[in-house]
Amino acid sequence: MDLLTIKDPSFLKNMNKQELEALSQDIREFLIQKLSVTGGHIGPNLGVVELTIALHRELNSPEDKFLWDVGHQSYVHKILTGRAGQFDTLRQYKGLCGFPKMSESEHDVWETGHSSTSLSAAMGMAIARDLKKEKSHIVPIIGDGALTGGMALEALNHIGHAKKDIMVVLNDNEMSIAPNVGALHNVLSQLRTAGKYNKAKDELEYLLKKIPAVGGKLAATAERVKDSLKYLLVSGMFFEEMGFTYLGPIDGHNFDDLIENIRYAKKTSGPVLLHVITKKGKGYKPAEQDKVGNWHGTGPYKIETGAFVKTTASGPAWSSLVSETVRKLAREDERIVAITPAMPVGSKLEGFASEFPDRMFDVGIAEQHAATVAAGLATQEMKPFLAIYSTFLQRAYDQVLHDICRPNLNVFIGIDRAGLVGADGETHQGVFDISFLRNLPNIVLMMPKDENEGQHMVNTAIHYNDGPIAMRYPRGNGYGVPMDEELKIIPIGTWEELKAGNDAAILTFGTTIPMAMEAAKTLEKQGISVAVVNARFIKPLDEDMLHSLLQKKIPILTIEETMLEGGFGSAVLEFAHDHNYQTAVIDRMGIPDKFIEHGSVNKLLEEIHLTTDDVITKIVSMTPQKQKRA
């Protein structure tokens, strides 16, 4: 079938099983081909082809509302709702979003990027539906990994109590990004192997009705026997006890099984949970055989071999540099432990886990829990390293504030993917952490200029004993700078001058230092002498250096690949105000007050006017007494 001709899912209604299976094959081939060029979440989407087709065939989007939890598995949905022609632009600047996007289609009724939110949103939609006396099916599709998130369990509790008509589809592929962990994962494992409870229960009911009445005892116990069957067949019927009608396990690649159970769910009142077993990466052997999460989301790859197309990188991956430095230090200090909320692969902690299995803790998709586990460890004089993406740290804000910073505990937070991350877009840009951490008492916040300084910062953090300390580091690789063999401790709150200058000063850190240095060198040729300072400690500021610069009465420009509101530049302005530098000329460059969508980092920097040329223009405007550019 020509997928480019699809406008909406209505065409599925008249397709037979053979046609549906042929369509599934066409979609898989389409995804494998397109994503080999653009990259994307190949594994999750290959696993939900039949499930997505069956849902769209038996339900009526957008009247019936599909909420794709996380959104990693929404590509098939996008194809069936008329967006196949945009897949050449997937996750590219101004192109098709890699997650559900309301502005893209009326069929995208919920926007996701973080996990475990779909059930709560579904409950809100169901309440609204009932208050407005409307008729529609509310269908959140949530993965078994996302189900371990505390928010999902809170929603299950509310839905089961309120008895709302919600059709929860549990897409169980035994993985999130990495293999799942936890007690709930073990419950699902038991369910997968237990056989079909509902079918057996219905068959027992039929048989009981066929038996002639042989006395009151059998009649009195028949219902009890039937209801007890779930405990005989399935150890611990978690969902039934939560108030859901449980349907499953369902073969997520069998249309007969899927359609039968979806139709059954449509007729069932109250909350229903369809437990669908799928295979992540189905239809593409390299993705099917992935056991650690490498094929969850990828860059471009070679279809024939499954080999990833590697970009040339001068230095080590930042995640690897940080985790391996922690691993090195852990050999000398048995108190060091590592914690990750379901990101052992992304945070490059496999080596640490292999060498120190008893000191590595993957807590699943549970960022709040991860932060407070780290706090608990710190109270017992352990040295916890919490490896967490900037975008996911947002979910643990109260725990960082209340459980780590307030009692001033020695937790080292590695803030991975800090700054713009590119293709994953607005839900994943790591640009808010400075603004929401800088105002917390007790915390130290820092970011290195390169990987050599990065290893020294890790060492500094591990040896810091005066409270919480966080190190930001970007996505991607370092620059390939020479690495010191001996690790050092950097004095807290100290900056370094990278280039001297008398006419203006640029204060910046991390990924924007090369931009500042290039601009300063160009300006030097135009007769404008600009100092460049590596402001590696965002909190506390280097007050001695700031006083020195402000007393020189030269213009100061702050640059940051983070939000301007409440960011590093705001801290410098606050310092100048608090110390009565009333006439100081201070300007800021950074990310404006808006969400930044997907695209290459360079394209995004151009869009928000955060480039070398923009820095040059800004400095020229701040130094009117100096020679303008030719």
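Helices (H or I, at least four residues) and strands (E, at least two) are DSSP runs, numbered from the N terminus. The model is predicted, so that local features need pLDDT of at least 70 and side-chain atom pairs count only at pLDDT 80 or more, while totals for chains, interfaces and linings use all residues. Residues are numbered from 1 along each chain as its sequence is written, and side-chain values use heavy atoms, with hydrogens and water left out.

The unreviewed UniProt entry places the feature "binding site" at residues including His72, Gly113, His114, Tyr284 and Glu367; such annotations may be inferred rather than shown by experiment. Of the annotated residues, Gly113 and His114 belong to the lining of the second largest pocket.

Gly113 lies in the loop between helix H4 (75-83) and helix H5 (118-131), and, leaving aside neighbours within four places in sequence, is in contact (heavy atoms within 4.5 Å) with Val70, Phe99, Thr427 and His428. Tyr284 is found in the loop between strand S5 (272-277) and helix H12 (285-288), and, with residues up to four places away in sequence not counted, touches Ile32, Leu46, Trp295, Tyr301, Lys302, Ile303 and Gly306.

Buried means under 20% relative accessible area, exposed over 50%, and partly exposed in between (1.4 Å probe, protein chains only).

| Residue | Relative accessibility | Class |
|---|---|---|
| Gly113 | 6% | buried |
| Tyr284 | 6% | buried |
| Cys97 | 9% | buried |
| Cys405 | 3% | buried |

As for the cysteines, a search of the whole structure finds 0 disulfides, a disulfide being a pair of cysteine sulfur atoms within 2.5 Å.

Terms used
On a 1 Å grid over the protein atoms alone, a cavity is a set of points where a 1.4 Å probe fits but cannot get out, and a pocket is an open set with protein on both sides within 12 Å along at least five of seven lines; lining residues have an atom within 4 Å of a point.
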